[in-house]
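Reader: Could you walk me through this one before I set anything up? I'd like to go through a helix and then a pocket.

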Amino acid sequence: MRSEYDFSKSRKNPYANRLKRQVTIRLDVAAVDYFKDIAAELGMPYQNLINLFLRDCAVHKRRPVIQWPEEPPKQSH
């Protein structure tokens with residue numbers, strides 16, 4: 001490898017802005033802590049881990065299984 005490289009003729013990646021989009025989402029504490037713990041074990045930022053997980057879900061067309069709690073039967077008075 002060279003000790004120095006000449007970047008004077010280089011240009012910025014025109015697709016760089018399209019690679020990632022900053023968004024604001026609200027996540028519960030348990031979810032964030034879960035990903036932070038795993039990310040610490042892997043030695044990576046937890047945001048990257050969440051992104052990898054979500055991208056994997058998108059690529060494989062995984063959909064969440066949501067089970068809403070059943071409403072208790074209504075009592076008549």
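Author: Gladly, and please keep in mind that this is a predicted model. On the face of α2 turned away from its buried side sit the exposed residues Val29, Ala30, Tyr34, Asp37, Ala40 and Glu41.

Reader: And which residues of α2 are buried?

Author: Those are Val32, Phe35 and Ala39.

Reader: What covers the buried residues of α2?

Author: The cover includes α3, which runs over residues 46–59.

Reader: How many residues does α2 have, and what follows it?

Author: Helix α2 spans residues 29–42, which makes 14 residues, and from its first C-alpha to its last it reaches 20 Å, close to the 20 Å expected at 1.5 Å a residue. After α2 comes Gly43, which has a positive phi, near 70°.

Reader: Switching to pockets, how much space lies in the largest pocket, and which residues are closest to its centre?

Author: The largest pocket holds about 480 Å³ of space. It is lined by 16 residues, and the closest to its centre are Arg21, Val23, Gln47, Ile50 and Asn51.

Reader: Where does the largest share of that lining come from, and what is it by class?

Author: Helix α3 supplies the largest share of the lining, with 7 residues. By class, the lining of this pocket is made up of 8 nonpolar, 5 polar and 3 charged residues.

How values were computed. Residues are numbered from 1 along each chain as its sequence is written. This is a predicted model: local features need pLDDT of at least 70, side-chain atom pairs count only at pLDDT 80 or more; totals for chains, interfaces and linings use all residues. Side-chain values use heavy atoms; hydrogens and water are left out. Helices (H or I, at least four residues) and strands (E, at least two) are DSSP runs, numbered from the N terminus. The expected span of a helix is 1.5 Å times one less than its number of residues. Buried means under 20% relative accessible area, exposed over 50%, partly exposed in between (1.4 Å probe, protein chains only). Contact means heavy atoms within 4.5 Å. On a 1 Å grid over the protein atoms alone, a cavity is a set of points where a 1.4 Å probe fits but cannot get out, and a pocket is an open set with protein on both sides within 12 Å along at least five of seven lines; lining residues have an atom within 4 Å of a point. Grid points are joined across faces, edges and corners, and a volume is the space filled by probe spheres set on the points. Ala, Val, Leu, Ile, Met, Phe, Trp, Tyr, Cys and Pro count as nonpolar, Asp, Glu, Lys and Arg as charged, and the others, Gly among them, as polar.
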